[in-house]
Amino acid sequence: MHLDPTIFFWIFLIIIAIQPIIRQKLLENARMRLIAEIEKQRGSRVILLVHRQETMSFLGFPIMRYIDINDSEEVLRAIHLTDDETPIDLVVHTPGGLAIAATQIARALSRQKGKVTVFVPHYAMSGGTLIALSADEIVMCEHAVLGPLDPQIGGQPAVSVLSVLQKKPLSEIDDNTLILADQAEKAIRQMKETIIEILSHKHTIEKAQDIAEKLVSGKWTHDYPISTEEAKQIGLPVSTDMPKEIMFLMNLYPQPVRQSVEYIPVRKTGKV
């Protein structure tokens with residue numbers, strides 16, 4: 001019996017088309033198994049907030065994601081489904097995102113009765129740092145980083161916008177800049193109040209105010225990487241005792257296939 005070659009062609013196309021879907025499902029199943037294992041080991045609820053480019057994206061092109069309202073809704077639902085006394089382990093890997101979404105998550109976590117641990121395998125910038133402030137313990141890899149929480153107004157640092165008022169007479173400042181300065185002042189005050197509110201559940205008011213001032217003051221640029229040592233100096237409860245299972249979990253959030261760094265993974269003795 002002779003089969004039409006076009007049948008093989010269409011079968012081949014179907015296999016190629018469903019491969020990414022199968023690969024994604026396998027990744028998702030592997031994640032769920034490892035998450036369940038970590039929860040069993042630690043007796044906790046494990047939640048992941050990971051913004052990393054994956055091979056499954058729009059038309060094959062990776063999409064950069066940030067903390068958004070959908071993220072806050074999902075995390076809040078996970079928190080509400082968790083008993084008050086059950087510890088929460090939140091893995092955060094994000095460049096930041098919407099302040100309102102990050103604030104919702106941070107407020108909910110700060111009010112949990114059970115221990116809240118935020119794991120930062122690589123980076124938790126901006127809104128990710130705000131979420132980390134809600135934790136009883138922030139566990140970071142040795143070279144992981146947090147970021148400042150200085151508000152941005154119209155694409156400009158709020159602190160820098162306000163500095164214009166100190167350097168020029170009002171008569172030389174245009175109305176638009178004055179409006180931005182007014183918004184900048186409010187944004188800085190609101191962010192400080194938010195940080196103090198979140199930290200005050202687990203720190204003294206004096207310590208909360210001190211940490212808020214350091215993170216919002218504009219000492220650093222908005223994308224400045226705050227190291228583990230600097231985070232400790234600020235007064236944050238930082239540990240570098242990162243469980244190997246968390247790093248294995250991050251391996252299940254792959255970067256795009258066409259990546260710029262390649263190497264043969266050889267482990268050092270005693271290293272993950």
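Select Ile22 to begin: in this predicted model, Ile22 is partly exposed, with a relative accessible area of 43%. The residue belongs to helix 1, which covers residues 5-42.

The next stop is the interior. In soluble globular proteins, nonpolar side chains tend to be buried together. Here the largest nonpolar core has 70 residues, and Ile131, Leu133, Leu146, Ile195 and Leu236 are those with the most contacts inside it. Colour helix 6, residues 175-199, to see the element that supplies the largest share of this core, eight residues.

Then centre the view on Leu146. Leaving aside residues up to four places away in sequence, Leu146 touches a set of residues that includes Val120, Met125, Met140, Tyr224 and Leu236.

Return to helix 6 and select Thr177, which is located there. Is Thr177 buried or exposed? Its relative accessibility is 18%, so Thr177 counts as buried, the cut-off being under 20%. Beyond residues up to four places away in sequence, Thr177 touches Val161 and Val164.

Finally, show the aromatic rings. A search of the whole structure finds one aromatic pair. The pair consists of Trp220 and Tyr224 and is stacked, with 5.3 Å centre to centre and 0° between the planes. Trp220 counts as buried at 14% relative accessibility, whereas Tyr224, at 26%, counts as partly exposed. Tyr224 is also one of the residues that Leu146 touches.

Notes:
Residues numbered from 1 in each chain as written. Predicted model: local features only at pLDDT ≥ 70, side-chain atom pairs only at ≥ 80, totals over all residues. Heavy atoms only, no water. Helix = DSSP H or I, 4+ residues; strand = E, 2+ residues; numbered from the N terminus. Buried < 20%, exposed > 50% of the residue type's maximum accessible area, 1.4 Å probe, protein only. Core = buried A, V, L, I, M, F, W, Y, C linked by side-chain atoms within 4.5 Å. Contact = heavy atoms within 4.5 Å. Phe/Tyr/Trp six-rings, centres within 6.5 Å; stacked < 30°, edge-to-face > 60°.
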